[in-house]
Amino acid sequence: MRYEPVIGLEVHAELSTKSKIFCSCSTAFGAEINTHVCPVCTGQPGALPVLNKQVVHYAAKMGVATHCHINQLCKSDRKNYFYPDLPKAYQISQFDVPICENGYVDFEVDGQPKRVRFERIHFEEDAGKLLHDEGEGTVVDFNRCGVPLIEMVTRPDIHSSAEAKEFLETIKTTLSYLQICDCRMEEGSIRCDVNVSVRPEGTEELGTRVEMKNINSFSAAVRAIDYEVNRQIEVLEDGGKIIQETRRWDDSKVKNLVMRTKEDAQDYRYFPDPDLVAVEIDDEWMRQIESEIPELPQSRYARYIKEIGLQPKEARIISDAYDKACLLDEGVSMGRVDSRSIANWILSDISKYLNDKGLELKDTKLTAGKLVDMIELIEKNTISGNAGKKVLVQLFETDDSVDAIVDKLGLKQVSDEGAIQKLVDEVLAANPKSVADYKGGKKNVIGFLVGQCMKASKGKGNPKMINQCLNKTLSQM
Amino acid sequence: MELYQKTAAELSAMLKNKEVSSVELTKAAFARTAQVEEQTGAYITLTEEKALADAAAIDSRRAAGETLPPLAGVPVSVKDNICTKGIRTTCASKMLENFLPPYNATVMEKLDEAGLIMTGKTNLDEFAMGSSCENSALRKTRNPHNLDRVTGGSSGGAAASVAAGEVSIAVGSDTGGSIRQPASFCGVVGMKPTYGTVSRYGLIAFASSLDQIGPFGRCIEDTAMLADVLMGHDMRDSTSVPREYPSLTAGLNADIKGMKIGLPKEYFGEGISEEVSKAVLAAAETYRQLGAEVVEISLPLSRYALPIYYILSSAEASSNLARFDGVKYGYRAKEFDGLIDLYVKSRSEGFGPEVQRRIMLGTYVLSSGYYDAYYKKARAAQRAIRADYAKAFEQVDLILTPTAPTTAYKIGEKTSDPLQMYMGDICTVSVNIAGLPGLVQPCGFDADKMPIGMQLIGPRFGEQTLLNAGLAYEKASGLSNIVAL
């Protein structure tokens with residue numbers, strides 16, 4: 001029998017607000033243990049939370065971008081359970097009325113369109129971190145405690161690990177487009193739990209589902225799903241039954257183990273948090289949120305293929321990175337240079353520089369205006385393409401204008417006809433053998449002669465003009 | 001007249017006229033405390049050294065010609081569930097016996113700003129859960145009017161400290177009557193302000209939606225003066241109400257002609273002692289003579305208030321007290337085997353029986369399968385009670401009721417029967433459920449010479465009307481500034 005996997009995801013993303021969700025402590029990652037803490041986020045007796053409105057704003061942005069219904073009256077609930085990383089012994093979350101409901105995202109899997117629906121998106125606070133290698137016993141680091149999260153819960157619309165991976169990539173790209181999450185996977189800014197069941201292909205009824213936790217990367221999600229789907233199929237093929245349970249994924253061993261069964265599921269005793277009054281997103285605030293949603297990656301991807309003529313792969317590279325897409329669109333909107341050239345620079349030298357240095361565009365000083373200035377000089381033959389690469393490095397690293405850089409590095413091409421003719425005459429005089437070869441029909445020596453001219457001009461000669469001048473002079477000889 | 005017998009208003013005037021210094025006042029307060037504290041047991045912690053230093057600082061500011069707020073230099077006691085930075089804050093629990101808060105409650109900042117001198121931290125029922133102060137794990141507090149009787153609770157230490165003249169004013173908290181009922185038992189004045197008018201930031205939570213800090217005094221004026229210091233909007237408490245807070249002291253006016261006062265018939269029937277009923281009805285007669293109109297009204301849902309209160313307050317308490325797990329601060333069991341054992345032992349050993357009872361009750365009503373039947377229904381009933389009051393306040397300006405079914409009973413009399421103890425809260429809890437202000441002041445004594453307190457209930461933000469009516473009665477009855485012992 002063939003089986004169809006049915007997969008739902010619960011994705012947690014840390015929001016990139018400056019301060020925590022219920023206090024003014026910094027959310028910065030990597031600080032010394034327990035330095036970004038205060039009475040509120042360490043759950044001191046008597047301390048009270050006050051909701052950071054930026055969290056509401058960011059969560060609603062994600063909801064709008066994913067076509068959700070936004071519940072404009074935001075209430076908070078307590079999820080009660082004991083664990084040392086949870087100082088109040090309850091997590092402030094949203095229970096029956098999440099800020100966003102019933103949305104979806106569209107994306108492509110192997111060129112085919114795919115839609116995954118959202119059941120809900122809600123905001124909540126992150127817990128602290130238990131550190132087991134900091135000397136004797138276990139240390140609780142509360143720096144992460146109170147960092148805002150959104151939890152996005154999908155419908156069971158995913159049917160393969162490949163779809164799951166594309167979905168996660170889409171979420172990541174959307175979050176970065178909205179500039180509400182740093183998307184630093186290695187810092188755990190996006191994490192996910194996976195719900196998996198299988199059913200005989202062609203049937204509708206859902207099988208018993210198993211939840212998997214401790215999945216820390218998108219590639220781990222793929223491995224975990226593949227493993228669990230196969231495990232469930234094997235159990236069924238052997239005549240067994242799937243048990244509703246939570247399993248812990250161990251990525252290093254590429255297998256999962258039972259964490260807890262349905263019987264010992266916790267009762268979280270959710271109830272409305274009496275310390276927090278409901279926050280209302282009024283219509284004006286809603287309009288502000290809506291106005292901040294940029295054109296999303298799926299739309300830009302299609303546009304780059306159609307309007308600029310990029311290959312799907314190229315369009316994907318640029319549309320996946322918000323800052324690159326913005327650079328391209330801003331450059332194109334200036335209407336001064338060929339759009340394809342801008343894309344080419346982004347796909348080649350700009351991407352290479354960023355990759356090599358491990359930087360993002362926002363970490364550099366490059367602007368769309370300067371990139372266009374530089375390309376324009378190439379198009380006008382003021383500088384060579386090679387000189388452009390040298391200018392680009394300066395554009396990343398300095399505040400200088402393109403003209404100033406060209407001057408400073410002496411990159412302006414010699415495009416004066418008289419000067420080029422003189423150069424050509426000198427080179428031809430110095431290379432009688434090549435001239436003879438040319439006359440004897442070996443037309444390809446022209447390449448050598450161009451090289452000699454470039455060398456004599458210390459790289460500043462306009463190669464196109466040199467080429468033309470050489471051809472003209474040789475043919476007249 | 002000794003300094004300890006004076007009201008805060010009188011002390012304030014003496015300080016202003018430089019008839020006395022704050023250091024002298026503070027020394028007098030500690031001298032009085034040394035004299036009576038062994039009998040009253042009002043305090044868990046005395047902070048004499050700091051108080052004298054604070055008083056000296058106020059004196060030098062005054063000497064330098066600075067104009068200080070009215071209560072600057074006046075000693076005040078603070079209930080021991082309000083966080084004081086670096087000063088032990090116990091909630092009268094073994095759990096927090098040695099807890100030093102790393103920050104000050106907002107009301108502590110306000111007291112500091114107003115120049116008040118904190119004398120120490122007063123006793124309470126553990127985590128403010130109780131009605132007699134007998135649930136304190138750390139201290140036994142006795143009623144200054146009769147040392148065999150309870151002070152009431154949970155702010156029993158606060159009430160006793162004022163009644164015995166250890167201080168003229170005190171800060172307490174009220175979740176279901178915890179300011180008003182001990183004020184009644186100890187013959188002093190206590191007010192629970194409208195929910196949201198005093199910041200809860202730094203008040204160790206019992207039931208967040210009901211808890212409210214408020215003032216004690218031996219007269220209406222002192223109570224108003226301290227209320228003026230405590231009340232105000234606070235950004236750190238999201239339930240704090242942003243609005244104007246005009247001075248209640250400045251607004252005091254004993255002319256109550258034409259005021260309409262309602263007597264809810266449900267508060268004068270079965271379960272309320274005859275002596276108490278009679279004294280409160282006599283107060284109603286006084287109001288009539290003062291020109292108020294007194295009418296009988298009905299609050300038909302009153303009988304549901306007690307179960308609603310115990311469901312909601314216990315539910316919130318079970319969650320609020322979960323943080324005391326032995327991990328971060330507070331009591332940790334000496335020996336344990338693993339994490340769960342650490343939790344179970346620390347909490348079983350650290351919390352007293354009444355606190356454990358409420359945690360279990362609250363956990364139960366929030367559990368899946370019971371939530372709808374208890375918690376959700378109680379919330380719906382809470383809305384109905386609010387509507388009940390709103391309707392009443394369409395008819396009348398204030399409501400007059402007894403504060404408690406009886407006067408202060410004997411220590412140990414009700415400890416074996418928690419339900420009987422809970423019944424004692426029947427007159428006060430609905431005020432918290434509805435988020436309204438309530439004022440209690442003495443209106444007579446019973447045959448055993450124990451004080452009887454009457455309760456005035458106002459509409460939201462009706463503190464000024466309450467205090468004015470209180471002042472009118474105080475002047476007419478002469479029942480003011482009663483110092484026991």
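These legends describe close-up views of a predicted model. Residues are numbered from 1 along each chain as its sequence is written, while chains are lettered from A in the order in which they are written. In this predicted model local features need pLDDT of at least 70 and side-chain atom pairs count only at pLDDT 80 or more, whereas totals for chains, interfaces and linings use all residues.

**View 1. Helices H7 and H8 of chain A cross at roughly 155°.**
The axes of H7 (residues 322–334) and H8 (residues 339–357) of chain A come within 9 Å, axes being lines fitted to C-alpha atoms over the stretch in contact, with angles from 0 to 180 degrees between N-to-C directions. The crossing angle makes H7(A) roughly antiparallel to H8(A), a term for angles over 145 degrees. Helices here are DSSP runs (H or I) of at least four residues, numbered from the N terminus.

**View 2. Residues of H7(A) meet residues of H8(A).**
H7(A) contributes A:Lys324, A:Leu327, A:Leu328, A:Gly331 and A:Val332, and H8(A) contributes A:Ser339, A:Ile342, A:Ala343 and A:Ile346, contact meaning C-beta atoms, placed from the backbone, within 7 Å.

**View 3. B:Lys260 lies in strand E7 of chain B.**
Strand E7 covers residues 260–264, strands being DSSP runs (E) of at least two residues. B:Lys260 is partly exposed because 15 other C-beta atoms lie within 10 Å, where 20 or more would count as buried and 12 or fewer as exposed. Setting aside residues up to four places away in sequence, B:Lys260 touches B:Glu293, B:Val295, B:Val396 and B:Asp397.

Key
Parallel < 35°, antiparallel > 145°, perpendicular 65-115°, else oblique. Contact = placed C-beta atoms within 7 Å.
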